[in-house]
Amino acid sequence: MSMLADFLNDLVADVDGLFLFSPSSSFYERFESVETGLVVVAPQNSVGADQFVELPLEFENVRDRVRFGLEGAMDEDLVDSGDVVACALGTFGDDSDTILRVRADEKMHSGMYDLFTNSRADPSVIRDVFEVAIELGKKGQKGSPVGALFVVGDAGKVMNKSRPLSYNPFEKSHVHVGDPIVNVMLKEFSRLDGAFVISDSGKIVSAYRYLEPGAEGVDIPKGLGARHMAGGAITRDTNATAIVLSESDGLVRAFKGGRLILELDPEDY
Ligand SMILES: Nc1ncnc2c1ncn2[C@@H]1O[C@H](COP(=O)(O)OP(=O)(O)OP(=O)(O)O)[C@@H](O)[C@H]1O
Ligand SMILES: [Mn+2]
């Protein structure tokens, strides 16, 4: 099997760093003293690594997990764009069963890391809302494209800067994003006007809100309409994150601090 050993050698030759994803402590200890550029990527830094990137959620998809780890490491200046790193991770279980070689690239800098780590709402709430938006974007509503606007976090302030367009179907309910039945409701109500308001912990506070933020100082790409403008602007006036599905181009965008920080095509997910 020397050819296979050669191949493995090639795979890790001249790398600038080694990323261990959720390593066990015994696995980590094997590398701890020898490697420079060692970065641990995990939900918690249970091994006490010096260089650590927190995963806010376990990405089932390996590409997403690696991309998130690299993006976090770039944001934290643990690697530079252009660096080539080896990653050790578990694809089928907790034990490391996979080695991959990848170049940290500005192109994989989607804003996802920043969105999760610097938002007020729980990372899992942001993820659940993304999933609803992506699913809606893929399927539309009964086959035709729909748009939707979700404002996540800092809900009290968001409510103060908005008004109802219609009765609020979530008025006395205590339902949360991520419950399967709620996702069905969100999709159903997305056909109607206005925004959903969701709390830091994921409670659906309201549907049908007309947002009235000040649009001053909002830096949003030209060509986006009122839904995106309102979604973007509310994140400047409050500490909310806005996740917007466009009816016209089908993309999902996220805004924070009055800026567009992420744009993705549901068909890629
Ligand atoms: N201030 C607002 N608050 C809440 N919802 C809004 C607001 N402005 C517009 N919308 C919603 O966005 C919908 C689409 O508006 P518009 O086409 O101007 O937005 P857009 O940014 O071009 O979005 P899309 O790409 O989906 O067309 C409106 O029908 C309305 O439901
Ligand atoms: Mn439009």
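The questions and answers below concern a predicted model.

User: Which residues come nearest to ligand 1?

Analyst: Because the model is predicted, what follows describes computed positions. A residue is taken as near the ligand if one of its heavy atoms lies within 4 Å of it, and the shell around ligand 1 holds 14 residues. Of these, the ones that come nearest are D193, H228, S246, E247 and S248.

User: Which residue places a polar side-chain atom 2.7 Å from an oxygen atom of ligand 1?

Analyst: Backbone atoms take part in other contacts with the ligand: a backbone N or O atom of L211 lies 2.9 Å from a nitrogen atom of ligand 1, and a backbone N or O atom of A226 lies 3.0 Å from an oxygen atom of ligand 1. The contact you ask about, at 2.7 Å from a ligand oxygen, is made by a polar side-chain atom of D193.

User: Which element gives the largest share of the shell around ligand 1?

Analyst: Two elements give two or more residues each to this shell, namely the strand β9, covering 204-211, and the helix α8, covering 226-237. By class, the shell has five nonpolar, five polar and four charged residues. The largest share, four residues, comes from α8.

User: How far apart are the end C-alpha atoms of the region that UniProt lists as "domain: DAC"?

Analyst: The unreviewed UniProt entry lists residues 109-266 under that name. Over residues 109-266 the chain is 32% helix and 23% strand. The C-alpha atoms at the ends of this stretch are apart by 17 Å.

User: Which helix gives the largest share of the nonpolar patch?

Analyst: The nonpolar surface patch, of about 600 Å², is made by M1, L4, F7, L8, V12 and I99. I99 belongs to a strand, β5, which spans residues 98-103. The largest share of the patch, four residues, comes from residues 2-12, that is, from helix α1.

User: Which residue meets the side chain of R120 in a salt bridge, and where in the chain does each partner lie?

Analyst: A search of the whole structure finds eleven salt bridges, and in one of them the side chain of R120 is paired at 3.7 Å, N to O. The pair links distant parts of the chain, 34 residues apart, with R120 in the loop between α4 (112-117) and α5 (123-139). The partner lies in the loop between β6 (148-152) and α6 (155-160), and this residue is D154.

Note on methods:
Residues are numbered from 1 along each chain as its sequence is written. Chains are lettered from A and ligands numbered from 1 in the order in which they are written. This is a predicted model: local features need pLDDT of at least 70, side-chain atom pairs count only at pLDDT 80 or more; totals for chains, interfaces and linings use all residues. Side-chain values use heavy atoms; hydrogens and water are left out. A polar contact is a pair of N or O atoms within 3.5 Å; within protein, one must be able to donate a hydrogen and the other to accept it, and residues adjacent in sequence count only if both atoms are side-chain atoms. Ala, Val, Leu, Ile, Met, Phe, Trp, Tyr, Cys and Pro count as nonpolar, Asp, Glu, Lys and Arg as charged, and the others, Gly among them, as polar. UniProt positions are given in the numbering used here, feature names are shortened, and annotations may be inferred rather than shown by experiment. Patches are made of residues with over 30% relative accessible area and no salt bridge: like charges are joined within 9 Å, nonpolar side chains (Val, Leu, Ile, Met, Phe, Trp, Tyr) within 5 Å. Accessible areas come from the Shrake-Rupley method with a 1.4 Å probe; for residues, only the protein chains shown count as cover. A salt bridge is a side-chain nitrogen of Lys or Arg within 4 Å of a carboxyl oxygen of Asp or Glu.
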